[in-house]
Amino acid sequence: MTASGNEAPLPGVTVQVRGSSTGTTTDINGNYRITVNSPDAILVFSYVGYLTKEAAAGSGPLNIS
């Protein structure tokens, strides 16, 4: 996950599968890895001071800014 505007990575962003307890956080480079049961799963990205974003997991890498 990156900060909008300057594309700097955001470490410590919470990434959670909506409606479940499955989640992780981004590393120092803004990278994360999470396993979902369905490509229709919705991922919720939250970070203090930023708006929460949601995105469909899809079938491949997902980059949020």
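Which residues make up the largest nonpolar core?

**View A. The largest nonpolar core of the predicted model.** Ten residues form this core: Leu10, Val13, Val15, Val17, Ala41, Leu43, Phe45, Ala55, Ala57 and Ile64. Strand E1 (14-17) and strand E3 are the elements that contribute two or more residues to the core. Nonpolar side chains tend to be buried together in soluble globular proteins. Phe45, one of the core residues, has a relative accessibility of 1% and therefore counts as buried, the limit being under 20%.

**View B. The aromatic pair of Tyr32 and Phe45.** Two aromatic pairs are found in a search of the whole structure. In the pair shown here, the ring centres of Tyr32 and Phe45 are 5.7 Å apart and the ring planes stand at 75 degrees, so the arrangement is edge-to-face; an angle over 60 degrees is required for that class. Tyr32 belongs to the loop between strand E2 (23-25) and strand E3 (42-46), whereas Phe45 belongs to strand E3, so the pair ties together parts that are 13 residues apart in sequence. Tyr32 has a relative accessible area of 21% and is partly exposed, whereas Phe45 is buried at 1% relative accessibility.

**View C. Polar contacts of the Thr26 side chain with the backbone.** Thr26 is located in the loop between E2 and E3. With a relative accessibility of 6%, Thr26 counts as buried, because this value falls under 20%. A polar atom of the Thr26 side chain lies 2.6 Å from the backbone oxygen of Leu10. The backbone nitrogen of Gly12 is also in view, 3.0 Å from a polar atom of the side chain of Thr26.

**View D. The salt bridge between Glu54 and Arg18.** One salt bridge is present in the structure. Its partners are Glu54 and Arg18, whose closest N and O atoms are 2.7 Å apart. Glu54 is in strand E4 (residues 53-56) and Arg18 in the loop between E1 and E2; the pair thus links distant parts of the chain, 36 residues apart. Glu54 is partly exposed, with a relative accessibility of 47%. Arg18 is likewise partly exposed, with a relative accessibility of 49%.

Conventions
Residues are numbered from 1 along each chain as its sequence is written. This is a predicted model: local features need pLDDT of at least 70, side-chain atom pairs count only at pLDDT 80 or more; totals for chains, interfaces and linings use all residues. Side-chain values use heavy atoms; hydrogens and water are left out. Rings of Phe, Tyr and Trp (its six-membered ring) pair if their centres lie within 6.5 Å; planes under 30 degrees apart count as stacked, over 60 as edge-to-face and the rest as tilted. Helices (H or I, at least four residues) and strands (E, at least two) are DSSP runs, numbered from the N terminus. Buried means under 20% relative accessible area, exposed over 50%, partly exposed in between (1.4 Å probe, protein chains only). A nonpolar core is a set of buried Ala, Val, Leu, Ile, Met, Phe, Trp, Tyr and Cys residues joined through side-chain atoms within 4.5 Å. A polar contact is a pair of N or O atoms within 3.5 Å; within protein, one must be able to donate a hydrogen and the other to accept it, and residues adjacent in sequence count only if both atoms are side-chain atoms. A salt bridge is a side-chain nitrogen of Lys or Arg within 4 Å of a carboxyl oxygen of Asp or Glu.
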